[in-house]
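Visitor: I'm new to this one and would like to learn how to read it. Could you walk me through a few features?

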Amino acid sequence: MQEQPGGYTPIVLDHFNHPRNMGEMDHPDGVGQATNPACGDTMRLFIRVERNRIAEAKFLTFGCAAAIASSSMTTEMIQGKTVEEILMISKEMVSEALGGLPPTKIHCSVLAEDAIQAAVADYRRKTPSPSPSPRGERE
């Protein structure tokens, strides 16, 4: 993929200049936040879950172009997937979906992975899991 100014790919620049799903969500089912202590970049991810699938995802991010692009791409990657599937999304997958990030900006994809984990943990904390049926009984 061809790099543009600053070492960013066209996909990164597109998600930075035209972020998808940016904004706060009213009454989310889960909220996760991740911060890079070195640079201060912060991502807050909001998820709405219906039938164990991500029905909607939004983000608020304070940070550089790569942090905003990573957040935007993450919301697109997780919508429609199950809660279990989004837990499998790694920083490498986010970076790859963006066509790569400069080595000094890889931490931005780490924010995305960490925010997903935190949002799911918050969702699970708020949502009681179904109790298993007693042995031998059919549901």
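Guide: Happy to. One term before we start: a helix here is a DSSP run of H or I with at least four residues, and helices are numbered from the N terminus. Keep in mind that this is a predicted model.

Visitor: Is Ser-72 buried or exposed?

Guide: The cut-off to know is that buried means under 20% relative accessible area. Ser-72 has 0% relative accessibility, so it counts as buried.

Visitor: And which residues is Ser-72 in contact with, leaving aside neighbours within four places in sequence?

Guide: Those are His-15, Pro-19, Arg-20 and Phe-59.

Visitor: Next, charges. How many salt bridges does a search of the whole structure find?

Guide: The general idea is that side chains of opposite charge can pair when their charged atoms come close. In this structure the search turns up eight salt bridges.

Visitor: What about Arg-124: which residue does it form a salt bridge with?

Guide: With Glu-84, where the closest N and O atoms are 3.6 Å apart. Arg-124 lies in helix α5 (residues 107–126) and Glu-84 in helix α3 (residues 83–86), so this pair ties together parts that are 40 residues apart in sequence. Arg-124 is partly exposed at 43% relative accessibility, and Glu-84 is partly exposed at 40%.

Visitor: Now the strands. In what order do the three strands form the open sheet?

Guide: In general, strands of a sheet pair through backbone hydrogen bonds, either parallel or antiparallel. Here the order is β1-β2-β3, with antiparallel pairing. The edges are β1 (30–35) and β3 (53–62); each has a single partner strand, so one side of each has no neighbour in the sheet. On average, neighbouring strands are turned by 15° against each other, direction ignored.

Visitor: Over how many bridges do β1 and β2 pair?

Guide: Six, with β2 covering residues 42–50.

Visitor: Which strands does α2 lie across?

Guide: Across β2 and β3, running at about 175° to β3. As for α5, that helix lies across β1 and β2, at about 145° to β1.

Technical notes: Residues numbered from 1 in each chain as written. Predicted model: local features only at pLDDT ≥ 70, side-chain atom pairs only at ≥ 80, totals over all residues. Heavy atoms only, no water. Buried < 20%, exposed > 50% of the residue type's maximum accessible area, 1.4 Å probe, protein only. Contact = heavy atoms within 4.5 Å. Salt bridge = Lys/Arg side-chain N within 4 Å of Asp/Glu carboxyl O. Helix = DSSP H or I, 4+ residues; strand = E, 2+ residues; numbered from the N terminus. Pairing = 2+ DSSP bridges. Axes fitted to C-alpha atoms, helices over the stretch in contact; angles between N-to-C directions.
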